[in-house]
Amino acid sequence: MNILWTIITATALAALTFVDPQGVLGVCLDSCSQAVTTALSLCGIYCLWMGMFEVADRCRLVQGLAKCLSKLNKFLYGKIDKVAEQYISLNFASNLLGVGNAATPSAIAAIKQTEHAETLSRTGAMLFVVNATGVQLLPTTVIGLRASLGSVNPSDIILPNLIATVITSIVGVALVFCAYGRAK
Amino acid sequence: MSYAVPLLLVAILVVGLVKRVNVYDSFVLGAKKSVNLCLSVFPYLAAIFIMVNALHASGLDAYVTKLLAPPFALVGVPSEVVQLALLRPFSGSGSLAILTDVYKQYGVDSYVGRCASVIMGSSETVFYVASVYFAGTKVKRTGWAIPIALFCNILGAIAACLLCKIM
């Protein structure tokens with residue numbers, strides 16, 4: 001990430017200086033204010049879901065969920081600690097429900113439990129790939145946008161979308177198995 | 001399906017009530033943690049946004065799109081959606097803007113419009129997710145995680161265009 005970010009940003013800023021020297025500082029400052037507004041709106045979303053998850057956790061609902069998903073978790077992640085397993089289950093359930101923003105706090109909490117070194121572990125890599133290949137069932141944002149722009153059948157992309165998502169998820173998981181071996 | 005999330009919220013509260021959990025206190029305790037989470041995520045967001053906006057403002061992204069359009073055309077991805085497929089790993093709001101442009105230019109229900117829809121729906125903002133997930137951990141080397149996710153995104157784009165052709 002260090003090298004990648006530096007190279008891309010430096011190249012882009014150099015090109016921008018060449019095209020529009022007056023615009024450089026403006027672009028950088030705008031980006032940072034954009035980060036402030038995004039972080040604040042994320043804070044609101046996380047606030048709701050983390051509050052609700054805490055309640056669910058106290059009701060032992062999350063433990064129940066982890067039990068339901070234990071076979072799948074064992075296959076994907078192997079033996080992991082109980083707390084991480086609960087967060088991972090919560091993350092999976094949020095993704096399935098299509099509330100991607102609720103999936104983020106639980107994934108972060110799980111990664112805090114599993115990652116202690118500077119190199120990402122197999123568990124962290126698997127969790128990241130599962131999330132980044134989108135196990136989301138309903139692309140709600142896209143359907144909403146299609147409907148608002150007058151599509152005849154805004155939801156006719158659900159099936160191809162589902163198939164594409166399943167393909168990428170399976171390939172992603174398979175590649176993690178190839179790169180890191182089976183779960184221990 | 002639109003009832004799922006509202007019902008879930010109500011169900012959590014009701015179960016809390018039945019199990020005599022201090023629902024109010026628990027909610028506040030959980031919600032409090034979100035502030036720290038956002039603080040740890042914020043600088044990473046700023047870094048990603050600077051990179052994405054600089055790429056876009058300098059016109060470098062359009063240049064790269066032009067360069068990569070022919071190989072993508074070989075595997076059936078129309079050149080109009082190449083930019084979407086390329087920007088998607090970096091920026092959610094940026095790719096949503098491109099998606100809207102594609103809809104307006106080609107029509108929501110056209111082949112290109114449907115391709116773009118499926119690409120958007122089946123892919124993720126990989127770099128954004130990576131920076132947010134690994135914020136607040138010691139992780140410096142992410143190994144195969146990002147290459148695998150990017151490869152899957154490209155594969156998803158190709159699959160999307162093929163699927164839209166036959167469906």
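## A covered helix to start with

Let's begin inside chain B. In helix 6 of chain B, the buried residues are G113(B), R114(B), C115(B), A116(B), S117(B), V118(B), I119(B), M120(B), G121(B) and S122(B). That makes 10 buried residues out of 12, so this helix is mostly covered. Keep in mind as you look around that this is a predicted model.

What does the covering? For the buried residues of helix 6 of chain B, the cover includes helix 8 (140–148) and helix 9 (158–180) of chain A, along with helix 4 (79–87), helix 5 and helix 8 of chain B. As for its length, helix 6 of chain B reaches 16 Å from its first C-alpha to its last, close to the 16 Å expected for its 12 residues at 1.5 Å a residue.

## The two chains

Chain A is built from 9 helices and 0 strands, and its elements run α-α-α-α-α-α-α-α-α from the N terminus. Its C-alpha atoms fill a box of roughly 60 × 50 × 35 Å along the principal axes. Chain A has 184 residues, and 43% of them count as buried. Take the contacts in chain A between residues at least 6 apart in sequence: 58% of these join residues at least 24 apart.

Chain B has 8 helices and, again, 0 strands, in the order α-α-α-α-α-α-α-α from the N terminus. Its radius of gyration is 20 Å, well over the 15 Å that the globule rule gives for 167 residues, so chain B is more spread out than a compact globule. Along the principal axes, the C-alpha trace of chain B spans about 60 × 40 × 30 Å. Of its 167 residues, 49% count as buried. Among contacts in chain B with a separation of 6 or more, 64% come from residues 24 or more positions apart.

## Where the chains meet

## The nonpolar core

The largest nonpolar core has 103 residues, and the members that touch the most others are V129(A), L84(B), I119(B) and A160(B). Helix 2 of chain B (residues 23–57) gives the most to this core, with 17 residues.

Two residues from opposite chains are worth a visit here. Setting aside residues up to four places away in sequence, V129(A) touches G172(A), V173(A) and V176(A) in chain A, plus A145(B), I148(B) and A149(B) in chain B. Now hop across to A149(B), which sits in helix 8 of chain B. Why does A149(B) count as buried? Because 29 C-beta neighbours lie inside 10 Å of A149(B), and the cut-off for buried is 20 or more. Beyond its neighbours within four places in sequence, A149(B) is in contact with F128(A), V129(A), A132(A), T133(A), G172(A) and V126(B).

## Two arginines with positive phi

R60(A) has a phi near 65 degrees, a positive value in a residue other than glycine. R60(A) lies in the loop between helix 2 (23–58) and helix 3 (61–68) of chain A. R60(A) counts as exposed because it has 12 C-beta neighbours inside 10 Å.

Over in chain B, R20(B) has a positive phi too, of about 55 degrees, although it is not a glycine. R20(B) is found in the loop between helix 1 (4–18) and helix 2 of chain B. With 8 C-beta neighbours inside 10 Å, R20(B) also counts as exposed.

## How confident is the prediction?

Chain A has a mean pLDDT of 89, with 99% of its residues at 70 or more. Within chain A, confidence is lowest in helix 8, at a mean of 87, and highest in helix 7 (residues 122–132), at 93.

Chain B averages 88, and 99% of its residues score at least 70. Here helix 4 of chain B has the lowest mean pLDDT, 86, while helix 8 of chain B has the highest, 91. For the complex, the predictor gives an ipTM of 0.87 and a pTM of 0.88.

Notes
Residues numbered from 1 in each chain as written. Chains lettered and ligands numbered in written order. Predicted model: local features only at pLDDT ≥ 70, side-chain atom pairs only at ≥ 80, totals over all residues. Core = buried A, V, L, I, M, F, W, Y, C linked by C-beta atoms within 7 Å. Helix = DSSP H or I, 4+ residues; strand = E, 2+ residues; numbered from the N terminus. Contact = placed C-beta atoms within 7 Å. Expected span 1.5 Å × (residues − 1). pLDDT = per-residue confidence, 0-100. Rg over C-alpha atoms; globule rule 2.2 N^0.38 Å.
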